[in-house]
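Visitor: I have a model open and would like to learn how to read it. Could you take me through its features one at a time?

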Amino acid sequence: MREWASGIRLSAFSVIMLSLVVLGAWVLVPTLGTFIDQRQKIAALEASVQVTEDEIANLIAERERWTDPAYITTQARERLYYVKPGEVVYLIDNDLDPSALPREQEPVSDTLEEKPADWMPQLLRTVVSAGLSDTAAVAP
């Protein structure tokens with residue numbers, strides 16, 4: 001190691017150039033870090049501006065919808081349950097216990113199962129059980 005180090009000869013020019021490179025790196029590294037940090041902040045702010053512009057566009061479209069009398073009528077009927085004179089509205093309150101409602105069906109299998117061919121008793125059982133049932137079926 002000592003032989004290798006003794007073989008290196010530094011001139012005054014080499015020392016000056018090396019010190020300028022170190023000084024330049026010492027000056028530029030913090031500036032480069034600040035530049036990268038500012039670019040990240042600018043990108044985040046541009047994304048925020050884009051989101052805000054999208055929200056503004058949605059609000060303008062909503063405001064345009066509210067200028068349409070048909071839309072106002074529809075919203076009054078749906079949200080506030082307003083009716084026109086002479087109309088009768090029926091509100092259905094689902095007062096069944098959620099645990100009594102049928103659960104989601106399992107996915108359909110790919111296998112084919114053969115059922116008994118006597119369909120009349122099955123139909124009669126289905127009609128009777130549907131008529132006597134206390135729960136409502138969920139529409140698909």
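Visitor: Which helix is L28 found in?

Guide: L28 is found in helix α2. Keep in mind that this is a predicted model.

Visitor: Is L28 buried or exposed?

Guide: The general idea is a cut-off: a residue is called exposed when its relative accessible area is over 50%. L28 has 55% relative accessibility, so it counts as exposed.

Visitor: How do I judge the span of helix α2?

Guide: Compare an expected span with the distance between the end C-alpha atoms. Helix α2 covers residues 12-66, and at 1.5 Å a residue its 55 residues should span 81 Å. The end C-alpha atoms are 80 Å apart, so the two values agree.

Visitor: Which residues make the nonpolar surface patch?

Guide: The general idea concerns directions around a helix. An α-helix has 3.6 residues a turn, so residues three or four places apart point the same way. In this structure the patch is made by F13, I16, M17, L20, L23, W26, V27 and L28, and its area is about 880 Å².

Visitor: How many aromatic pairs does the structure hold?

Guide: The structure holds one aromatic pair. The ring centres of W66 and Y71 are 5.1 Å apart and the ring planes stand at 85°; planes over 60 degrees apart count as edge-to-face, so this pair is edge-to-face. W66 itself is partly exposed, with a relative accessible area of 33%.

Visitor: Where is T73?

Guide: T73 is in helix α3, which covers residues 69-79. Its relative accessible area is 35%, so T73 is partly exposed. T73 and K84 are 11 residues apart along the chain, and their C-alpha atoms are separated by 9.8 Å.

Visitor: How many residues of α4 are buried?

Guide: Buried means under 20% relative accessible area. Of the 14 residues of α4, zero are buried, so this helix lies largely in the open. Helix α4, residues 119-132, should span 20 Å at 1.5 Å a residue, and its end C-alpha atoms are 20 Å apart, which agrees.

Visitor: What does the secondary structure of the protein chain come to?

Guide: The chain has four helices and zero strands, and the elements run α-α-α-α from the N terminus on. Of its 140 residues, 2% are buried. The chain exposes about 13,800 Å², and carbon and sulfur atoms supply 63% of that area.

Methods. Residues numbered from 1 in each chain as written. Predicted model: local features only at pLDDT ≥ 70, side-chain atom pairs only at ≥ 80, totals over all residues. Heavy atoms only, no water. Helix = DSSP H or I, 4+ residues; strand = E, 2+ residues; numbered from the N terminus. Expected span 1.5 Å × (residues − 1). Phe/Tyr/Trp six-rings, centres within 6.5 Å; stacked < 30°, edge-to-face > 60°. Buried < 20%, exposed > 50% of the residue type's maximum accessible area, 1.4 Å probe, protein only. Patch = residues over 30% accessible without salt bridge, like charges linked within 9 Å, V, L, I, M, F, W, Y side chains within 5 Å. Areas by Shrake-Rupley, 256 points an atom, 1.4 Å probe, with all protein chains shown as cover. Salt bridge = Lys/Arg side-chain N within 4 Å of Asp/Glu carboxyl O.
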